[in-house]
Amino acid sequence: MRIEFVPVDTQAGATAALAVLAHEGAALSPEAKAANEATSGALARAIAGGRFTGGKGQTLDLVAPHGLEAARVVLIGVDGSGAVEPEAVETAAAAAYQAVKASGVSELVLKMGADAESAARAAFGARLAAYRFDKYRTTEKAEKKPSVQVVKVAAADPVKAQKAYEPLAALAHAIVFSRDLVSEPANILHPEEFAARAKSLESLGLEVEILGEAEMAKLGMGSLLGVGQGSVRESQLVIMKWMGAADKNAQPIAFVGKGVCFDTGGISIKPADGMEDMKWDMGGAAAVAGVMHALAGRKAKVNAIGVLGLVENMPDGNAQRPGDVVTSMSGQTIEVINTDAEGRLVLADALWYTQERFKPQFMIDLATLTGAIIISLGHDYAGLFSNNDGLSEKLLAAGKAERESLWRLPLPASYEKQIESPIADMKNIGGRPAGSITAGLFLQKFVNGVPWAHLDIASVAWKKPSTDPTVPDGAAGFGVRLLNRLVADAYEG
């Protein structure tokens, strides 16, 4: 799909849909009023004959109203009564795309605010809404495919709007990259292939280093390597660097991602029902790769490190057993009670490696870590755990700004008793009570006092059904927008 910025007087043609806004109480925006007048009051009559009130998320789709050449006119509700915030324009544009994407029209003309920022955010919303992972479909009928090929965004100054859109376009590309990684089946996206796709981002200016099992064994990464030892696919550790600060030696920030490319549970095997979803157990690593893509794509003025721990958790004759004891890179020993609590074993070594090698300002890890977080928070919030109040506050603010919501949970020292082992320094699971919290407490043992936050994104990495029009059902790319905003607002010099 192509995005174009056009003058405000651009008319929607015979194969196009025109999208305009309405406020609470069915009050029409200036662009909607113009369309209503051109159609001799057709929009007002349609509103009067139904239940459309202009509430946020409401749509009213009119087919070929007389007086306009357009094939359709779509009204999108945005609440309020006056100026529309760019965030609301973004979701309205996404809702407009969703309303007409399979209608047969080939163009969508968005008239949702003529200023450059609103036009840019409208384009961004439509771009995200248009995401579709269909590379393996070979027999899909044409009428099932989206028909919209071009989105034209009306702007008072199209050149200025295009310039405002450039950093958002870079972010959109990064989100799509992340969503594609999560959507891929595990027979395609195994650890080596994931590492290769990360390596391809060197074209954006990133430096990418890949460690194999021999290199990790020399570093003493027994915790990470134990997870992948039952797979024929070699585990990988990917290190991504973006040195965009004026001072290339300035202390970096760091993101660490859990990349379990498929999780059977290992010897502690999962039930068969729904196991196919475990292809997205690498959503944390996909988010880290995505944010590094975004930072490089928009040339962020920051030094940033991304570390991806990539493994496959399989139950063959060489697989790790419940009761095994492994030694992590930190030297701490871990009794593996449940081989399905594997993500924390991967992150233990990835976090230690990151803090030891790069001495970052902070570390943020992202992981589809626990099913317990879904029970705690549902599907609209990710869990936030941290040893640093300042970092937590910045993350919460960034999440609110980008509609990637976080909820902070505690890390009480008294709960550490649940992960005490009788034969090792700790065990990898603490039982059902407070399962997400004890997982966070486990990870905290490998940050070595560095300011750190853990985002448990098991609840938000895959949306079905999705309630956000910018996030089609499936891979959300959660975390890319959030961390990009965190960097932009608080860490670029």
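How many positive and how many negative side chains does the protein chain have, and what distance lies between the centres of the two sets? After that, which residues of helix 1 are buried, and which are exposed?

Reply: This is a predicted model, in which local features need pLDDT of at least 70 and side-chain atom pairs count only at pLDDT 80 or more, while totals for chains, interfaces and linings use all residues. Residues are numbered from 1 along each chain as its sequence is written, and side-chain values use heavy atoms, with hydrogens and water left out.

The protein chain carries 48 positive and 57 negative side chains, where Lys and Arg count as positive, Asp and Glu as negative, and His and the chain ends are not counted. The centres of the two sets lie 3 Å apart, with each charge placed at NZ of Lys, CZ of Arg, CG of Asp or CD of Glu.

For the chain as a whole, there are 14 helices and 20 strands; these are DSSP runs (H or I, at least four residues, for helices; E, at least two, for strands), numbered from the N terminus. Along the principal axes, the C-alpha atoms fill a box of roughly 80 × 50 × 40 Å. Of the 493 residues, 56% are buried, meaning under 20% relative accessible area, with exposed set at over 50% and partly exposed in between (1.4 Å probe, protein chains only). The accessible surface is about 19500 Å², and carbon and sulfur atoms hold 51% of that area; areas come from the Shrake-Rupley method with a 1.4 Å probe, and for residues only the protein chains shown count as cover. Taking contacts (heavy atoms within 4.5 Å) between residues at least 6 apart in sequence, 77% join residues at least 24 apart.

Now to helix 1. This helix spans residues 30–38, and its buried residues are Ala 32, Ala 35 and Asn 36. They lie on the same side of helix 1, because their arc around the axis is only 100 degrees; the arc is that of the directions from the helix axis to the C-beta atoms. The other side of helix 1 has Pro 30 and Glu 37, which are exposed. Cover for the buried residues includes two strands, strand 2 (16–23) and strand 3 (27–28), together with helix 2 (42–48) and strand 5 (72–77). After helix 1 comes Ser 40, with a positive phi near 55 degrees.

Ala 434 has phi near 55 degrees, positive in a residue other than glycine, and sits in the loop between strand 17 (426–427) and helix 13 (435–444). With a relative accessible area of 28%, Ala 434 is partly exposed. Gly 431 has its place in the loop between strand 17 and helix 13 as well, and is partly exposed at 40%. Its C-alpha atom is 7.2 Å from that of Gln 418, 13 residues away along the chain. Asn 448, in the loop between helix 13 and strand 18 (452–456), is not a glycine but has a positive phi of about 60 degrees.

A cis peptide bond, with omega about 0 degrees, joins Lys 464 and Pro 465. Pro 465 belongs to the loop between strand 19 (462–463) and strand 20 (474–475).

Two helix residues complete the picture. Ala 161, in helix 5 (158–183), is buried at 0% relative accessibility. Leaving aside residues up to four places away in sequence, Ala 161 touches Phe 5, Ala 116, Ala 119, Ala 120 and Ala 155. From Ala 161 to Lys 417, 256 residues along the chain, the C-alpha atoms are separated by 56 Å. Ser 376, in helix 11 (372–377), is partly exposed at 46%.
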